[in-house]
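Please read the following dialogue with the model in view.

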Amino acid sequence: MRIAEVRATTVTVPLEAPLRHSNGAHWGRFVRTLVELETEDGLVGVGEMGGGGQSAEAAVLSLKDYLLGHDPARTEALRFMLANPTASLYNNRTQLLAALEFACLDLLGKHTGLPVHALLGGAVRSEVEFASYLFFRYPAADGSGEVRTPDQLVAHAWDLKAAHGFRVHKVKGGVFDPGYEREAYRAVAEALDGDRFRYDPNGVLSPEQSIEFAAGIEDLANDYLEDPCLGLPGLRRVRERTRIPLATNTVVVDFAQLATNVLAPAVDVVLLDTTFWGGIRPCVKAAGVCETFGLGVAVHSSGELGVQLATMLHLGAVVPNLTFAADAHYHHLRDDVIVGGKMPYRDGKIAVPDGPGLGVELDRDKVAEYAELYRELGPYPYDRDPGRPGWYPMVPNTDFADPSRAGRPEALAHEPF
Ligand SMILES: [Mg+2]
């Protein structure tokens, strides 16, 4: 089996409402780039990466000379072909490597008739549990979906639980000041008593604010506090002063950082992201290190359509020490680009695909529709808040959004969702 063609297509897929986070917002849609590798005998493997536009498409296609003629079964070799550790000091290709690894594993599965999980050691579970992912949101273009107050956050959590059966809830913070967000988080945890909870402000609190925040929620059913502040030394100080486990998806994203965290623990739970780690296989390896050293793991979401979601499901299927629910933005999407539409949640879980490869196929009509939508709308500035012209994110943040400002910002006037 040899790779004979490489394709990349950027798409934009609508969200139910713009999602706010510490760096700004997703302005009502995701922009993702789909990667396809076709073999000489016509098999097509698919991958997916974040961001997009001409630059992402060009970055994928720039690797064509490296990929043509390569046997997709040699996935370990890809790491050195595309992103060897010292060459990567000059060209950071981790996300490209990840998308191409997904496509190679998909090809290998299609070639052998086996699902990706079977290529990774075999599934130890047939479905993966997910947390609801609760965001503060701007209203959608039709005025619906605002989440700004604690009452709105609680109502949103109830809606998602009713629709999808979630028993674990993640509050994405870092938007409003920590005191306000602590009350909002407490309101959710108290309203949905009996479920479990986690809070993630994307590292924008100071260590001292993190310690204070933790002290104010210790009585709740917390899974963990995720990246309250940025950096291993600060997290280590917070960890010494709270009983709540700490987790990260930002400062343990490679093996050197994982080793540092083993030698001098700063977090208890490592959130494995199939993109940030450069593929599914590095995540499986990292999960093995975590198992050895008694660290928890969970599956992280950096935004996904169905292809990336499939990578998360196959990872979740094979990792024995997955004791926490996975994260996904998936339920915020209005549509997907895979055949059959969005994968359904049942009792807060999604079934691991069992077809060959990743077990998902691109719906060509949907890909064309959302590639056209991308050409119409272009990118959006992920690291800018449409409601705060001129503001940019600082870490730690000292200038949070004002929760009394309701409504849809003027800057979203040309965004259709
Ligand atoms: Mg996070």
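Q: Which residues on the other side of α9 are exposed?

A: A residue is exposed if 12 or fewer other C-beta atoms, placed from the backbone, lie within 10 Å of its own, and buried if there are 20 or more. On the other side of α9, these exposed residues are Pro233 and Glu240. This is a predicted model, in which local features need pLDDT of at least 70, side-chain atom pairs count only at pLDDT 80 or more, and totals for chains, interfaces and linings use all residues. Residues are numbered from 1 along each chain as its sequence is written.

Q: Which residues of helix α9 are buried?

A: Helices are DSSP runs (H or I, at least four residues), and strands are runs of E of at least two, numbered from the N terminus. In α9, residues 232-240, the buried ones are Gly234, Leu235, Val238 and Arg239. Seen down the helix axis, they fall within an arc of 140°, so they line one face of α9; the arc is that of the directions from the axis to the C-beta atoms.

Q: What covers the buried residues of α9?

A: Contact requires C-beta atoms, placed from the backbone, within 7 Å. The cover includes α8 (207-215) and β11 (246-248).

Q: How is the chain divided into domains?

A: Domain bounds come from an automatic or database domain assignment. Here, domain 1 comprises 3-113 + 365-377, and domain 2 comprises 119-361. Their contact takes 41 residues from domain 1 and 35 residues from domain 2. On the side of domain 1 that touches domain 2, α4 gives the largest share, 12 residues.

How values were computed. Contact = placed C-beta atoms within 7 Å.
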